[in-house]
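Look at the model before reading on.

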Amino acid sequence: MNPFSRSLLKFSAVLSLSVAAIAYSPSLYAAKGQAKAKSACNSNLELDQDLIQAVTFLIGGGKPSFLAPAVVKKLESISELAPGGLSNPENLDVILEALRARVSFVQFDQALGLQLKGVRHALNSTGVKDRFVGPDHLDTFRAWGWLLLSREDPIFSDPQFLADMMRQTGQTGGGSFIHGDPSYAEHQFQATWEQLSPDTRVPRVFTVTGTDANLYAYEIAKAVARERLKNPKLKDAEVLYFDGIYGGGRGRMNSIHYGEPEFKIESPHTKKWNPQDPVENARLDQAERDALQQIESKITRSRVPIGAFLLESVRTAHGVGFYRPDFLAKVSELCHRHGVAVIADEIMTGGGRTGKFFAYENYLGFKPDFVTFGKGLQVAGITITKESEFGQAYGRVTGGPVTLLQHTETLLKSAYIMRRIRTGNLMQNAVDMGRYLVETFKSVDHWSQISGLGLVLASERGERFLPTLSITKEQADGLRDKWK
Ligand SMILES: Cc1ncc(COP(=O)(O)O)c(C=O)c1O
């Protein structure tokens with residue numbers, strides 16, 4: 001753990017205490033008689049981008065010497081610092097504490113909370129007691145979904161795994177999935193994938209990030225629209241999407257993230273899986289009708305041909321959100337009627353978190369054509385469902401002898417992770433433990449309204465909670481007791 005993460009750990013532990021406790025915490029330099037000096041510092045503080053980036057950079061272990069002098073000056077003006085300036089890890093406590101005191105909770109939470117949320121809640125419960133201290137705890141409760149298995153999972157120290165990984169290192173990657181003759185790693189990946197996702201083809205192309213996988217949506221839209229309109233020279237086609245999806249952080253996915261209204265559909269999602277509240281259901285009846293109308297009207301009237309619809313069947317961008325199964329079935333039916341492909345973004349949800357390998361499998365009648373995946377599977381990419389009629393478009397988009405399809409080590413690691421999920425019955429554990437967590441967290445103030453599906457969970461305030469699939473009752477109880 002880098003010094004600043006350690007420092008954050010301390011800070012987070014402090015956050016979990018009352019404000020009064022913060023003021024008297026011996027771990028805070030700020031509380032050691034510095035109050036006077038602090039008041040002389042910048043009190044009209046704005047959480048601007050420079051500041052947010054600098055603080056998250058430091059939390060991530062970045063060296064202060066890489067920061068621009070003006071930014072360093074700004075950080076130093078926030079509060080009176082202990083000797084050593086930004087190189088002294090204690091001072092990150094001081095800065096975070098000062099920020100926390102000067103800006104509103106909402107501001108703090110929106111700006112820094114996004115980065116800190118998952119780690120913070122994990123650390124809150126580890127800060128003082130020893131039971132969950134260590135990387136396993138952090139991995140278990142991290143909110144970004146990078147890990148389906150804890151880093152401490154026994155498979156990662158299994159001699160067979162280590163020997164296999166070493167054997168792969170040094171082999172070239174390449175395009176054998178497309179051109180035959182799969183390598184050992186590809187073969188392992190293929191065999192495991194087929195067992196877990198019999199409805200989709202084994203992916204042919206892989207991407208470095210989930211964003212890149214989603215960016216394929218535009219390529220697919222073009223290929224689909226070219227075929228539909230019998231115009232191989234068609235220059236552009238568009239993708240529809242529900243508002244508020246994440247999509248990704250770069251390129252056109254970034255604008256999806258912020259929502260270009262022209263191709264955005266108001267999303268009729270709800271916070272609870274299978275909602276029973278009649279008032280909520282009445283709202284959804286109307287919202288779904290509106291959404292279907294919007295989709296049809298955009299497909300038929302858009303100035304640019306629409307080739308694809310990108311959606312998250314279980315939404316994870318602002319808390320957790322669900323659709324009613326009938327509605328998603330109608331969406332795929334409508335899109336297919338108009339020759340538009342449906343792409344399910346499973347980057348956060350794929351790998352078994354919802355109790356099914358892909359979240360879309362929870363929706364009977366909903367038939368996506370393409371599936372994007374990434375994050376916890378350790379490898380990102382796009383594949384097509386076996387039932388889809390857009391195989392030709394898929395072939396066009398994913399063919400070609402590209403430089404490197406994927407590092408063989410990554411594929412092999414992914415194969416091992418998937419195999420562990422299958423042999424450890426971890427998807428069933430996700431279902432059981434999801435229920436258990438919802439029940440047991442009823443006694444925890446901030447998390448009493450936790451809801452979700454399987455282990456894709458969120459608090460009432462929208463903080464994501466994505467435990468690793470092997471979480472045990474003992475860990476859940478420990479967490480409950482510490483978060484109380
Ligand atoms: C639902 C969803 N789609 C796309 C992405 C983008 O993936 P990446 O961050 O790997 O680019 C994410 C990332 O968290 C995501 O949660």
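Q: How many bridges join strand E2 to E3 in this predicted model?
A: The model is predicted. Strand E2 covers residues 238-242 and runs parallel to E3. Tyr-241 stands opposite Lys-264 in E3. The number of bridges joining E2 to E3 is 2.

Q: Which strands stand at the edges of the sheet?
A: The open sheet has 7 strands with mixed pairing, in the order E1-E9-E8-E7-E4-E2-E3. Each edge strand has a single partner strand, so one side of it is left without a neighbour in the sheet. The edge strands are E1 (205-207) and E3 (264-265).

Q: Is H12 roughly parallel or roughly perpendicular to H13?
A: H12 spans residues 210-228 and H13 spans residues 251-258. Their axes lie 8 Å apart, at an angle of about 85 degrees. Angles of 65 to 115 degrees count as roughly perpendicular. H12 is therefore, relative to H13, roughly perpendicular.

Q: How many charged residues does the contact of H12 with H13 have?
A: H12 contributes Thr-211, Asn-214, Leu-215 and Tyr-218. H13 contributes Gly-251, Arg-252 and Met-253. By class, 3 are nonpolar and 3 are polar. The charged count is 1.

Q: Which element gives the largest share of the shell around the ligand?
A: The ligand is surrounded by 15 residues, the closest being Thr-209, Gly-210, Thr-211, Ile-347 and Met-348. By class, the shell has 4 nonpolar, 9 polar and 2 charged residues. The largest share, 3 residues, comes from H12.

Definitions and conventions:
Residues are numbered from 1 along each chain as its sequence is written. This is a predicted model: local features need pLDDT of at least 70, side-chain atom pairs count only at pLDDT 80 or more; totals for chains, interfaces and linings use all residues. Axes are lines fitted to C-alpha atoms, for helices over the stretch in contact, and angles run from 0 to 180 degrees between N-to-C directions. Helices (H or I, at least four residues) and strands (E, at least two) are DSSP runs, numbered from the N terminus. Angles under 35 degrees count as roughly parallel, over 145 as roughly antiparallel, 65 to 115 as roughly perpendicular and the rest as oblique. Two residues are in contact if their C-beta atoms, placed from the backbone, lie within 7 Å. Ala, Val, Leu, Ile, Met, Phe, Trp, Tyr, Cys and Pro count as nonpolar, Asp, Glu, Lys and Arg as charged, and the others, Gly among them, as polar. Two strands pair if DSSP finds at least two bridges between them. A residue is near a molecule or strand if its C-beta atom, placed from the backbone, lies within 6 Å of it.
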